[in-house]
Amino acid sequence: MYLSNESTITTSSTTSSSTSSSTTSSTSSSSTTSSTTSSSSTSSSTTSSTTTSTTSSTTTTSSTTTSSTSSSTTSFLDPCMSNGSRWNTTGITILSSPTVERFTGMFFDSQDTLYIADQTNNVVWKLLKNTATPNVVVGTLGSSGASATTLYYPQSVYVDSNKTLYVSDNYNHRIQKYINESTNGITMAGITNSSGATLNQLKLPRCLTFDSTDTYMYVADSGNHRIMCYPSNSTSGDNGTIVAGGKGSGIANTQLYTPWGIFYDETISEYMYITNSGAHTVMKWLPGASNGTVIAGVPGLNGSNATLLNSPRDIKLDAYLNIYVADYGNNRTQLFCRNNSNGITIAGYGAPGNASTTLGGPRESTITTSSTSSTTTSSSSTTSSTTSSTTTSTTTSTSTSSSSSSTTSSSSSTTSSSSSTTSSTTSSTTTSTTSTTSSTSSSSSSTTSSSSSSTTSSSSSTTSSSSTSSSTTLFLDPCMSNGSRWNTTGITILSAPTTGRLIGMFFDSLDTLYIADQTNYTVWKLLKNTTTPIVVAGTLGTPGATATTLYFPQSVYVDSNKILYVSDNNNHRVQKYINESTNGITMIGITNISGATLYQLNSPRYLTFDSIGRYMYVADSLNHRIMRYPANSTSGDNGTIVAGGNGSGIANTQLDTPWGIFYDGTISEYMYITNSGAHTVMKWLPGASNGTVIAGVAGVPGSNATLLNSPRDIKLDAYLNMYVVDYNNNRTQLFCRNNSNAITIAGNGAPGNTATTLSEPRGIAFDSSMNMYVSEYGAYRVQKFLTL
């Protein structure tokens with residue numbers, strides 16, 4: 001992490017190191033072996049081993065010492081997780097006065113070259129990786145001006161993939177572009193030395209950025225209290241578009257107040273993130289929307305506690321959607337974990353200063369994660385043995401992963417979620433082998449020591465063990481090398497003859513499982529840690545269209561008030577059950593009447609709600625659309641088409657038999673839809689005229705890693721990885737974020753009812769420990785796959 005104060009650039013590095021050592025002594029006389037091993041390690045992904053063996057038929061003493069050192073690159077782990085990456089709070093100064101003056105914006109290119117805007121020297125500096133002396137790339141050192149070769153208070157810098165350099169030239173009210181390392185700038189936005197509020201003018205522009213494809217530039221037009229968008233080929237005098245604010249300074253959600261920093265990368269989030277400096281807040285704003293949302297700080301209130309900011313300047317987000325804010329007036333850098341308004345101070349401590357642990361007027365923060373290093377040293381293994389007609393072998397290995405640390409001695413270990421100690425001893429005669437292994441990982445740890453010796457003719461053994469476990473297992477991104485995984489062997493928790501063909505599933509906050517049973521016309525409820533379900537809606541074995549019956553129920557949802565909602569497929573309605581009543585109220589559709597008007601449904605499949613329970617979203621399957629209804633709707637009320645509705649087809653404006661739907665605004669602004677008839681998954685902004693295919697190929701069923709065949713249910717985790725029930729391929733697919741190549745995590749493609757196969761899977765759900773549950777239409781069961 002790099003921070004620009006007003007007169008220094010400071011770096012705080014993420015580091016991890018590991019040292020392991022072992023000493024083993026063994027003495028044997030015909031039949032006795034003793035062994036002591038101790039090891040300690042702190043690592044981010046390290047494996048080391050030392051092996052020493054001594055064989056002798058007479059008394060012999062042998063000593064061996066081995067040392068090795070290696071270095072590697074370490075992945076950046078979510079710093080808001082217990083085992084995540086961290087930064088040293090002691091900074092290293094890499095640039096300072098008198099060479100450079102008051103710094104503002106910084107930018108790293110793909111080669112880790114650092115570009116820095118120097119406000120009072122009126123230049124942009126360039127510092128190559130692993131060098132200490134910067135050079136001026138644009139502007140005239142010490143001279144302000146409004147010509148093509150001069151700048152006046154440069155604020156922000158950006159370098160695109162073509163090495164074109166962009167600078168926000170604050171007092172000249174313009175954006176300058178430098179092509180092919182030229183020192184002559186071209187004005188691409190604003191009019192030189194002419195401030196104003198028209199669409200072709202800027203007033204005191206601060207930070208700028210581009211979208212992920214460098215197609216559009218976004219500028220914090222500070223003096224006009226707005227964010228402007230310009231095509232990358234714009235020239236001076238061209239009109240821009242207001243995409244946030246522009247309604248005067250203020251603290252209303254429709255206004256900005258001296259916006260300063262801006263972060264926008266639609267591969268991470270559809271929102272722009274803006275430091276609203278004059279209002280002491282951070283706002284999240286969908287480009288072009290009429291209002292934004294305050295997500296950090298309190299509008300109009302400056303302060304220095306964990307929930308307040310004071311004139312925030314720059315902002316960055318990591319891939320986990322955590323926010324980093326340069327809190328200028330508080331002389332600190334704050335980390336706001338995803339969806340958390342309480343900041344964690346990661347640099348500076350509030351008091352201004354130029355020491356290695358303080359900041360003085362921080363303006364910008366920049367994070368690099370591509371070249372973090374780790375060093376592993378394994379050294380000093382000494383073995384001494386005395387034997388008489390004995391062969392002795394000692395092996396010691398230590399392995400540590402996932403950026404955790406532990407110390408182990410004499411068979412004990414501690415981690416965040418569980419600990420266990422096991423000891424076993426087996427003894428006889430002639431040959432002895434001693435082996436000690438210790439391992440530590442992010443969610444569990446174990447230490448095992450064993451000593452054994454045996455003969456071919458006879459043996460005796462004594463074993464004792466004890467274990468203790470507590471707490472919830474931490475779920476790590478399964479698409480990372482050290483992430484969580486699932487056992488591919490399932491455990492049957494429900495099956496025929498109790499249940500029929502099982503479809504949609506839902507877990508409430510107590511890990512109670514609700515399951516729609518299509519052919520028994522009911523919804524089952526299974527309490528946590530029990531094996532016998534009970535019927536909570538519908539009449540077992542009896543289809544119907546009354547308040548107490550269902551006809552092919554498909555999906556189930558339970559809100560925070562314990563109200564149960566069921567999509568009743570063949571009755572073309574959604575039923576609501578209040579206070580555990582078995583009498584349903586039709587809230588959407590008209591019972592037993594299909595249709596395509598806004599108050600009708602035609603064979604509804606899965607349903608869900610937004611994160612606050614305000615609106616319900618229904619996959620209106622045979623109308624090839626997604627419908628939205630207020631939570632207080634009743635039968636006959638009109639809904640709103642929020643996706644599709646243009647007939648069945650494979651165009652981006654159409655859906656074809658939509659089935660599963662996932663929508664959670666706290667994770668993503670998009671709905672994720674299994675477009676079953678088109679064999680795809682689509683991402684669709686509610687109300688937009690078209691969506692985007694993100695998995696599968698439209699109109700092409702198949703069974704390889706990039707294809708799907710009639711996908712049914714879909715879920716997303718907090719890392720935006722997708723889990724898709726691939727019905728006709730008898731498998732569950734994991735699509736890592738922004739990746740169209742899937743990993744099969746349950747089933748093997750062949751239909752079956754064994755522990756490792758699936759048969760026509762329909763639904764997927766996760767409990768609070770992220771154990772995975774899959775319902776099978778063809779096998780009449782629910783399979784549970786434990787997290788590893």
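C207 is buried, with a relative accessible area of 5%, and C229 is likewise buried, at 9%; here buried means under 20% relative accessible area, exposed means over 50%, and partly exposed lies in between, with a 1.4 Å probe and only protein chains considered. This is a predicted model, in which local features need pLDDT of at least 70 and side-chain atom pairs count only at pLDDT 80 or more, while totals for chains, interfaces and linings use all residues. Residues are numbered from 1 along each chain as its sequence is written, and side-chain values use heavy atoms, with hydrogens and water left out.

## Disulfides

Across the whole structure, a search finds two disulfides, a disulfide being a pair of cysteine sulfur atoms within 2.5 Å. When the bonded cysteines of the chain are numbered in sequence order, the pairing reads 1-2, 3-4. The table sets out the two links.

| Disulfide | S to S distance | Torsion about the S-S bond | Accessibility of the two cysteines |
|---|---|---|---|
| C80 and C337 | 1.9 Å | about -90° | C80 28%, C337 14% |
| C479 and C736 | 1.9 Å | -95° | C479 29%, C736 14% |

The torsion about the S-S bond of C80 and C337 is about -90°, so this disulfide is left-handed. The pair links distant parts of the chain, 257 residues apart, with C80 in the loop between β6 (67-73) and β7 (92-96) and C337 in the loop between β26 (332-336) and β27. C80 is partly exposed, whereas C337 counts as buried.

The link of C479 and C736 is left-handed, with -95° about the S-S bond. This pair, too, links distant parts of the chain, since C479 is in the loop between β35 (460-469) and β36 (491-495), C736 is in the loop between β55 (731-735) and β56, and the two are 257 residues apart. C479 counts as partly exposed, while C736 is buried.

## The chain as a whole

The secondary structure of the chain comes to zero helices and 59 strands, where helices (H or I, at least four residues) and strands (E, at least two) are DSSP runs numbered from the N terminus. Of the 788 residues in the chain, 53% are buried. Among contacts between residues at least 6 apart in sequence, 52% join residues at least 24 apart, a contact meaning heavy atoms within 4.5 Å. The chain exposes about 31,200 Å², of which carbon and sulfur atoms supply 47%; these areas come from the Shrake-Rupley method with a 1.4 Å probe, and for residues only the protein chains shown count as cover.

## Nonpolar cores

A nonpolar core is a set of buried Ala, Val, Leu, Ile, Met, Phe, Trp, Tyr and Cys residues joined through side-chain atoms within 4.5 Å. The largest such core has 28 residues, and within it W486, Y723, F766, M772 and F785 touch the most other members. The elements that give two or more residues to this core are β27 (343-347), β54 (722-726), β56 (742-746), β57 (761-766) and β58 (772-776). Leaving aside neighbours within four places in sequence, F785 is in contact with residues that include W486, N487, A746, L758, M772 and V774. Apart from this core lies another, of 25 residues, among them Y514, A537, I563 and F609.

## Two buried strand residues

D327 has its place in strand β25 (residues 323-327) and, at 0% relative accessibility, counts as buried. The side chain of D327 makes a polar contact with the side chain of R332 at 2.8 Å, and a polar atom of the D327 side chain also lies 2.8 Å from the backbone nitrogen of N310. A polar contact is a pair of N or O atoms within 3.5 Å; within protein, one must be able to donate a hydrogen and the other to accept it, and residues adjacent in sequence count only if both atoms are side-chain atoms.

F103 lies in strand β8 (residues 103-108) and is buried, with a relative accessible area of 1%. F103 and N121 are 18 residues apart in sequence and 9.1 Å apart in space, C-alpha to C-alpha.

## Confidence

The mean pLDDT of the chain is 81, and 76% of its residues reach 70 or more; pLDDT is the predictor's confidence in each residue, from 0 to 100. Over residues 15-73 pLDDT stays under 50, and the model has 168 contacts beyond four places in sequence for them. Over residues 369-472 the pLDDT is below 50 as well, and this stretch has 276 contacts in the model beyond near neighbours in sequence.
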